[in-house]
Amino acid sequence: MGKRYLIATNVVSKYFEETLFEHGHTLLDHVLDNGQAYISVITRIELLSFAPKNQNLLASINTFIDACQEFWISEEIVQQTIEIRKMYKVKLPDATIASTAMCYDLILLSDNDSDFGKIPTLRYINPRKYQLANS
């Protein structure tokens with residue numbers, strides 16, 4: 001099986017705002033086009049809680065969510081989240097997202113270096129700093 005990616009809310013927002021750098025945007029397009037995109041239920045909640053006034057943006061967000069496979073919060077994720085919160089003092093939503101990535105062997109895409117950078121066992125890419133191999 002190829003690489004699989006868990007996409008955090010902040011990356012989705014920046015994707016639609018077009019504030020990711022070119023290589024990060026290309027990475028996310030590739031992940032989506034190849035069926036490698038996953039989200040946590042936390043990401044869906046966060047994305048739909050903002051209720052954008054622009055109906056086209058809301059439709060795009062829903063299309064994005066539909067293109068991703070979604071993980072719910074299992075007992076394994078709960079236990080991992082507790083450990084991450086104890087060890088690294090990460091906020092609950094971020095700890096849950098990190099735990100989801102770790103429990104399902106996913107690479108997390110986020111630009112939250114201050115929280116996710118603390119967790120040494122988390123496979124993590126910041127798309128805003130991402131460089132393609134051939135660049």
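User: Which residue forms a salt bridge with Asp-113?
Analyst: A salt bridge is a side-chain nitrogen of Lys or Arg within 4 Å of a carboxyl oxygen of Asp or Glu. Here the partner of Asp-113 is Lys-129, and their closest N and O atoms are 2.5 Å apart. Asp-113 lies in helix α7 and Lys-129 in the segment after β5, so this pair ties together parts that are 16 residues apart in sequence. Helices (H or I, at least four residues) and strands (E, at least two) are DSSP runs, numbered from the N terminus.

User: What should I know about the model and its numbering?
Analyst: This is a predicted model, in which local features need pLDDT of at least 70 and side-chain atom pairs count only at pLDDT 80 or more, while totals for chains, interfaces and linings use all residues. Residues are numbered from 1 along each chain as its sequence is written, and side-chain values use heavy atoms, leaving out hydrogens and water.

User: Is Lys-129 buried or exposed?
Analyst: Buried means under 20% relative accessible area, exposed over 50%, and partly exposed in between (1.4 Å probe, protein chains only). With 57%, Lys-129 is exposed, while Asp-113 is partly exposed at 26%.

User: How many salt bridges does a search of the whole structure find?
Analyst: The search finds seven. Another pair to look at is Arg-44 with Glu-70, where the closest N and O atoms are 2.7 Å apart. Because Arg-44 lies in helix α3 and Glu-70 in strand β3 (residues 69-71), this pair ties together parts that are 26 residues apart in sequence. Arg-44 counts as partly exposed at 26% relative accessibility, and Glu-70 counts as partly exposed at 24%.

User: At what angle do the axes of helix α1 and helix α3 cross?
Analyst: Axes are lines fitted to C-alpha atoms, for helices over the stretch in contact, and angles run from 0 to 180 degrees between N-to-C directions. The axes of α1 (residues 9-17) and α3 (residues 41-49) come within 9 Å and cross at roughly 45 degrees. Angles under 35 degrees count as roughly parallel, over 145 as roughly antiparallel, 65 to 115 as roughly perpendicular and the rest as oblique. The two helices, α1 and α3, are therefore oblique to each other.

User: Where is Ile-42 found?
Analyst: Ile-42 is also in helix α3, and with a relative accessible area of 15% this residue is buried. Ile-42 and Thr-100 are 58 residues apart in sequence and 10 Å apart in space, C-alpha to C-alpha.

User: In which helix does Leu-28 lie?
Analyst: Look in helix α2 (residues 22-33) for Leu-28. At 1% relative accessibility, Leu-28 counts as buried. From Leu-28 to Asn-54 there are 26 residues in sequence and 22 Å in space, C-alpha to C-alpha.
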